[in-house]
Amino acid sequence: VQLQASGGGLVQTGGSLGLSCAASGILFEFYTMSWYRQAPAKGRELVASILPDGSTTYADSVKGRFAGSRNNARNTADLQMNSLKLEDTAIHYCNAVLKAYPYWGQGTLVTVSS
């Protein structure tokens, strides 16, 4: 199983960035795909989840700014991040879970500067 996250980088406050997670080795269409993040000196938090049917849930801190999507034909899950804030700076991780058994990607760094 491999989850390859990409798209992180440096962006100014108010800017946008898109993350993508490419999955292999799993029956992608059955998995809930999620994005987590971990800021310096903080615990890992759930940012967004994209269910197999494409429905989404978000942390309160990103509602209205972030949008998750998936492409079951390409085995990819994306996170579009808009109106970025300084507090969005973190390593972002892709997660795939089916029946409570999770797989994790390697993380991609998002840095928001003023």
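**Salt bridges in the predicted model**

The side chains of D60 and K63 form a salt bridge, with an N to O distance of 3.1 Å. The structure described here is a predicted model. D60 is exposed, at a relative accessibility of 66%, whereas K63 is partly exposed, at 49%.

A search of the whole structure identifies four salt bridges. One of them joins the side chains of R65 and D88, with 2.8 Å from N to O. This pair connects distant parts of the chain, 23 residues apart: R65 lies in the loop between β6 (56–58) and β7 (66–71), and D88 in the loop between β8 and β9. Both R65 and D88 are buried.

D88 also takes part in a salt bridge with the side chain of R37, again described by an N to O distance of 2.8 Å. R37 has a relative accessible area of 4% and is buried. D88 is likewise buried, with a relative accessible area of 1%. Both assignments follow because buried residues are those under 20% relative accessible area.

Beyond the individual pairs, salt bridges link R37, E45, R65 and D88 in a network.

Note on methods. Residues numbered from 1 in each chain as written. Predicted model: local features only at pLDDT ≥ 70, side-chain atom pairs only at ≥ 80, totals over all residues. Heavy atoms only, no water. Buried < 20%, exposed > 50% of the residue type's maximum accessible area, 1.4 Å probe, protein only. Helix = DSSP H or I, 4+ residues; strand = E, 2+ residues; numbered from the N terminus.
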